[in-house]
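Visitor: I would like to go through this model and hear the grounds for each label. Please give the cut-offs as we go.

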Amino acid sequence: MKTILHKSDTRGHADHGWLNSYHSFSFANYHNPERMNFGVLRVLNDDMVAADRGFGTHPHSNMEIISIPLEGDLQHMDDMGNSTVIKSGDVQVMSAGTGVSHSEYNKNKNELVKFLQIWVIPNKRDVTPRYDQISIKNIETKNSLYQILSPNEDDNGVWIHQDAWFHLGEYEPGKMDSYSIKKEGNGVYIFVLHGEIVVNDQVLNKRDGYGIWETDSFTLNTNSAAKVLVIEVPMSN
């Protein structure tokens, strides 16, 4: 088994006033040649957007873009005709494919919006752009991981053009869980949203990231109430 540890305070950081963002991997003005990606996981940004501010219309292509809101309401508009609001308990996916332009704004006038922006390199290029958004209220569970994304349209959660699986888990203190790799050759990047967990023998705290590969499974124990995102991706495309 191989592992890599990214403590929360080693992430890249950009404070633009209206946007306060932490980057697990190289992004924009943060460039670290040792932190370019984890397999096909290219971007994991922890974004906080000021009230009534946001990202103006900008383009993407050939990338799978996943947004997971943590707090507040995020207004999304794109040139495919979508105008939606995503909030905590939702998951949004956009396959940029041949090209799409979109904007994202904090819909609230008096509070931050906090969300994770995740980019995954697809296994198919130049697909027709697509958008999807779901509520995970009907699939979430307590004290065990539940799937929010897969390669399969008929599975729980959203789907993307890649052999990737995302799971969330929210735990009480003193719980144990395990995870088995879905596809041979894949690795897992574990991102702690809050609390303290132990993965195998590694202690992880809020916003720490931990990559594991060349293994079939891992165990997770909670030292406190905790919430964790588990991202399984191919280690090469």
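Predicted model: local features only at pLDDT ≥ 70, side-chain atom pairs only at ≥ 80, totals over all residues.

Guide: Residues are numbered from 1 along each chain as its sequence is written, and side-chain values use heavy atoms, leaving out hydrogens and water.

Visitor: What are the bounds of domain 1 and domain 2 in the domain assignment?

Guide: The assignment gives 12-135 for domain 1 and 144-234 for domain 2; such bounds come from an automatic or database domain assignment. The C-alpha centres of the two domains are 20 Å apart.

Visitor: How much area do domain 1 and domain 2 bury between them?

Guide: About 2,000 Å², with 75% of it on carbon and sulfur atoms. Buried area is the accessible area (1.4 Å probe) that two parts lose on being put together, summed over both. Of the area that domain 1 buries against domain 2, Phe38, Asn123 and Arg130 supply 25%, more than any other three residues.

Visitor: What makes Arg207 and Asp46 a salt bridge?

Guide: The rule asks for a side-chain nitrogen of Lys or Arg within 4 Å of a carboxyl oxygen of Asp or Glu. The closest N and O atoms of Arg207 and Asp46 are 2.7 Å apart, so the pair qualifies. Across the interface of domain 1 and domain 2, the rule finds 1 salt bridge.

**Asn45**

Visitor: Why is Asn45 called buried?

Guide: Buried means under 20% relative accessible area, exposed over 50%, and partly exposed in between (1.4 Å probe, protein chains only). Asn45 has 1% relative accessibility, so Asn45 counts as buried.

Visitor: Which side chain is in polar contact with that of Asn45?

Guide: That of His23, at 3.0 Å, which is within the 3.5 Å limit. Contact in general means heavy atoms within 4.5 Å. Leaving aside neighbours within four places in sequence, the residues in contact with Asn45 include Ser21, Tyr22, Phe27 and Phe115.

Note on methods
Polar contact = N/O pair within 3.5 Å; in protein donor to acceptor, adjacent residues only side chain to side chain.
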